[in-house]
Amino acid sequence: MPMWDALYSRALERAKDALPRTKGVLLAYNTNVDAIKYLNPRDLEDRIEKAGKDEVFRYSEELPEKITEIPHLLGGILWSIRHGKAAELFVESCPVRFYMKRWGWDELRMGGQVGIMANLLGGVYGIPVIAHVPQISKLQASLFKDGPIYVPKADGGELRFIHPREFNGDEENLTHYIYEFPRGFEVFGIKAPRENRFIGSADDYNPNLYIRPEFRENFEKIAERTELAIISGLQALTRENYAEPFEEVERHLDILNEKGIPVHLEFAFTPDETVRKKLVEILGKFTSVGLNEVELASVVEVLGEKELARQLIAHDPVDPIAVVKAMERLAEITGVRRIHFHTYGYYLALTSYTGEHVRDSLLFAALAAAAKAKLGDVRNLDDVDKALDVPVNEKARDVERRLKEEFGLKKGIAKLDAGQLSFVPTKIVAKPKSTVGIGDTISSSAFVSEFALRA
Ligand code: AMP
Ligand code: GLC
């Protein structure tokens, strides 16, 4: 695809030039430690036998709401393998937390949307970021890259912005155990159709959207130092605990809106329907939202569009006409000005404004995503440059053809009644190192580079 190769190279150069213009990004609220375990089929089968195969299989067909016993954990892992889909459950039981700790991990990595984005934007792109870190333990702090990454510290009456390592925190470790499996991974005849992961969160802070006093008390001052904001971490709330944190989040949104700071919501899978409805209700307070096909389907479902929701998860690659319909509906109902959809193979953005920079920011994001998939971590801009060699997804040709026929797409851009549609075919890494955090890499790279390129 020579046209796309040329567009990719040019977008990369433009984005690299533009990114340093960004003065500051606020990232709130979820940061944690990811303990990544690459599953071994024999080990997993042994554990399932020991825990009771029948019970584990029951939960692998219907996910439990949370994890209170070992069969819930193993059943959840098996559910993800069976469907090739990501899932995340809160681990309430201490004995299960201890079981996961003893099972161990292969790698400790920065986790949570905020942590991952802080390391990418601050540590790799060199953009100053202020991050909300609910608990700053020694381990958590050590996972932050060097660079302009700051957390607020209130000393007496004075508010300082320091690197998380300088905070010298000795707070709790919020560990999320990530069980990764490759495509074709097989236990008891159940074969994973795609690489993915299951997450068990041994964490009492992020699932309740704990917001630190430094943030509650000084939010105006924090907001003044930034020109963009990305919000995430609302996905784990439930109908029982969402009310109070939502009030605080809305207060933050009002302050950001008053200051004219564009805010992106990283949607993430939100299992609780009440919370999802509430998110849709406040979406108009955000400038932008990022989501994948499962998340978009879950949103469309609470809008009452069941058939459209079904279409969104029925095909691979996802039917782009259904995606555009869903995005238009969401924009119309909520007033959100930018919707960035990502799926395996392509991205689409619906914006109320126009310009090539929207498409170029998606191209840049696809390079960052390919680097993340290939290496597990984007270490520097050189890694992003090298992603130019990853081939463009062939399956996206058909998606592009359909968008051309339906909307008269040219070089990835089409004019719609609701604004502009931007499309890019992405680069797909055949054997990714891991899958966790790619979505965060895509959304933050696209949002931040789009605003930098606009100037
Ligand atoms: P999420 O499910 O929100 O974390 O986002 C995952 C996204 O990562 C997908 O929508 C794809 O766009 C992208 N992705 C997944 N696997 C790969 C891969 N092997 N190479 C490049 N991008 C990938
Ligand atoms: C969720 C998980 C976290 C992971 C992140 C990646 O926030 O809780 O463990 O790092 O998703 O996107």
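Which residue has a polar side-chain atom 2.8 Å from an oxygen atom of ligand 2? In this predicted model, the residue at that distance is His 176.

## Composition of the shell

The shell around ligand 2 consists of 15 residues, and the closest of these are Asp 34, Glu 88, Gly 112, His 176 and Asp 440. Sorted by class, the shell contains four nonpolar residues, eight polar residues and three charged residues.

## Aromatic pairs

The structure contains twelve aromatic pairs. One of them joins Trp 105 and Tyr 177 in a tilted arrangement, with 6.3 Å between the ring centres and 50° between the planes. This pair links distant parts of the chain, since Trp 105 lies in the loop between helix 5 (94-103) and strand 4 (107-111), whereas Tyr 177 belongs to strand 8, 72 residues apart. The two partners fall into separate accessibility classes: Trp 105 is partly exposed because its relative accessible area is 36%, while Tyr 177 counts as buried because its relative accessibility is 6%, the limit for burial being under 20%.

Another tilted pair is formed by Phe 341 and Tyr 346, with ring centres 6.1 Å apart and planes at 50°. Phe 341 counts as buried, with a relative accessibility of 0%, and Tyr 346 is likewise buried, with a relative accessible area of 0%.

## Charges over rings

Two tyrosine rings have a charged side chain over them, involving Arg 58 and Lys 427. Arg 58 lies over the face of Tyr 59, at 5.0 Å from the ring centre. In the case of Tyr 8, the charged end of Lys 427 sits over the ring, at a distance of 4.7 Å from its centre.

Conventions
Residues are numbered from 1 along each chain as its sequence is written. Chains are lettered from A and ligands numbered from 1 in the order in which they are written. This is a predicted model: local features need pLDDT of at least 70, side-chain atom pairs count only at pLDDT 80 or more; totals for chains, interfaces and linings use all residues. Side-chain values use heavy atoms; hydrogens and water are left out. A residue is near a molecule or strand if one of its heavy atoms lies within 4 Å of it. A polar contact is a pair of N or O atoms within 3.5 Å; within protein, one must be able to donate a hydrogen and the other to accept it, and residues adjacent in sequence count only if both atoms are side-chain atoms. Ala, Val, Leu, Ile, Met, Phe, Trp, Tyr, Cys and Pro count as nonpolar, Asp, Glu, Lys and Arg as charged, and the others, Gly among them, as polar. Rings of Phe, Tyr and Trp (its six-membered ring) pair if their centres lie within 6.5 Å; planes under 30 degrees apart count as stacked, over 60 as edge-to-face and the rest as tilted. Helices (H or I, at least four residues) and strands (E, at least two) are DSSP runs, numbered from the N terminus. Buried means under 20% relative accessible area, exposed over 50%, partly exposed in between (1.4 Å probe, protein chains only). A charge sits over a ring if NZ of Lys or CZ of Arg is within 6 Å of the ring centre and within 35 degrees of the ring normal.
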